[in-house]
Amino acid sequence: MLPPLQLGSLTVDTPVVLAPMAGITNTAFRRLCREYGGGLYVNEMVTARALVERRPESLRIIRHEPDERPRSVQLYSVDPVTTGHAVRMLVEEDRADHIDLNFGCPVPKVTRKGGGSALPWKIRLFESIVATAVREAARGGIPVTVKMRKGIDEDHLTYLEAGRIARDVGVVAVALHGRTARQHYSGTADWEAIARLREALPDVPVLGNGDIWSAEDAVEMVRRTGVDGVVVGRGCQGRPWLFGDLQAAFEGCDDCYRPDLPMVSATLLRHAKMLVPYFDGDERKAMQDIRKHVAWYFKGYPVGSQLRTQLVTVESMAQLEDLLAGLDQRIGYPGADAEGPRGRAGSPKKVHLPEDWLASQELNAAQQEMIHAAEVDISGG
Ligand SMILES: Cc1cc2nc3c(=O)[nH]c(=O)nc-3n(C[C@H](O)[C@H](O)[C@H](O)COP(=O)(O)O)c2cc1C
């Protein structure tokens, strides 16, 4: 049992957060997950600059349906001024009930510009971005959180200092993914680091993230680290019902979904149908999106390779319905094969950083100039 998560004025009854995932946590997937359990369901990240410029794709990303409350938006920014404008826009136009700031993204496109997981190393820049966001959000009474990694690599860890600074400037919670940028999605998440952060910040909620594949994992993370809530990413890919398991677990019950193939295929179909209005009726875009979920939904189920291939090239709703109708409806839950790790993994990667980034924790003149121009055309994880 875990008490509700208090994020400033926001109470989240089930202390579970759907991790922001670019290309995944759009309104269709969020609503599907929400049907199964309580929690906070975060957007894909949106670039502050693109939002302020009102690019249609950014406005689509932050759109919420009326049944989505609280509305949680994750911003990516490398520049305090743009951050301030974006937060002000969200507040003045009443487009969010919670704002998270992305300091965890490890993709080269982002770190090369000093953003995401590269940013907390420049600790004064980090402080300035977070403080600006908190100040602007406070005008609308909107709570702000940060989500970060341990640091750039084991020699450049930032999470303890960044966590303290974020708390000092007024965030209502700090989420830690227990990996460095260098680790990308490889190896296992370091839950000990999460425990250390929990200990270092006794006066603000700490959320643990990394390698929660089941409700038992979530309970185990809480037991081992003392966190106030968990953030779940890849574990729910193709398994929106995991949020039902998580709610049950935090209410002290070990009931779990054990979906048979008809349930999985009906959920996939429902997900696809929900994507169509998200893409303003563009069925082709909805099909492109659902294709990447197919392998996750059917992980562990005996669905033939020919059918899988057809599903990952599906072109229309009608074709999708036809293909799913061809599945053997007698196939039950396959057990462990349907569980466990899924989604991004791989090996450690060189972290691409701006020139001389690690030489000092302060910005030099060239870096200062670069960050002002750095936010265009970014998306990732
Ligand atoms: C496809 C994908 C996209 C992601 N996009 C974002 C993002 O937009 N913002 C962010 O803070 N983290 C992003 N992440 C990281 C996740 O939020 C999470 O921190 C990470 O997957 C570790 O949690 P997990 O082990 O539960 O998956 C992304 C991860 C994946 C796999």
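The following legends describe an overview and several close-up views of a predicted model.

**Figure 1. Overall dimensions and composition of the predicted protein.** The protein contains 16 helices and ten strands. Its C-alpha trace spans about 65 × 45 × 40 Å along the principal axes. The radius of gyration is 20 Å, which agrees with the value near 21 Å that a compact globule of 381 residues would have. Of the 381 residues, 51% count as buried. Among contacts between residues at least 6 apart in sequence, 72% join residues at least 24 apart.

**Figure 2. Strand E5 and the burial of its residues.** Strand E5 comprises residues 72-76. Five of its five residues are buried, so the strand is largely enclosed by the rest of the structure. Ser72, Gln74 and Tyr76 point one way from E5, while Val73 and Leu75 point the other way.

**Figure 3. Pairing of E5 with strands E4 and E6.** Strand E4, residues 40-47, pairs with E5 in the parallel sense over four bridges. Within this pairing, Val46 has Leu75 of E5 as its bridge partner. E5 also pairs with strand E6, residues 98-103, again in the parallel sense and over four bridges. Here Val73 stands opposite Ile99 of E6. Between E5 and E6 the chain passes through helix H4, residues 80-92, and this β-α-β crossover is right-handed.

**Figure 4. Strand E9 and its pairing with strand E8.** In E9, residues 206-209, Val206 and Gly208 point one way and Leu207 and Asn209 the other way. All four of these named residues are buried. Strand E8, residues 173-180, pairs with E9 in the parallel sense over four bridges. Ala175 has Leu207 of E9 as its bridge partner. The chain runs from E8 through helix H8, residues 191-200, to E9 in a right-handed β-α-β crossover.

**Figure 5. Strand E9 and its pairing with strand E10.** E9 pairs with strand E10, residues 229-232, in the parallel sense over three bridges. Gly208, a buried residue of E9, stands opposite Val230 in E10. From E9 the chain crosses through helix H9, residues 215-225, to E10, and this β-α-β crossover is right-handed.

Definitions and conventions:
Residues numbered from 1 in each chain as written. Predicted model: local features only at pLDDT ≥ 70, side-chain atom pairs only at ≥ 80, totals over all residues. Buried ≥ 20, exposed ≤ 12 C-beta atoms within 10 Å, placed from the backbone. Helix = DSSP H or I, 4+ residues; strand = E, 2+ residues; numbered from the N terminus. Pairing = 2+ DSSP bridges. Right-handed = clockwise from strand over helix to strand, strands pointing away. Rg over C-alpha atoms; globule rule 2.2 N^0.38 Å. Contact = placed C-beta atoms within 7 Å.
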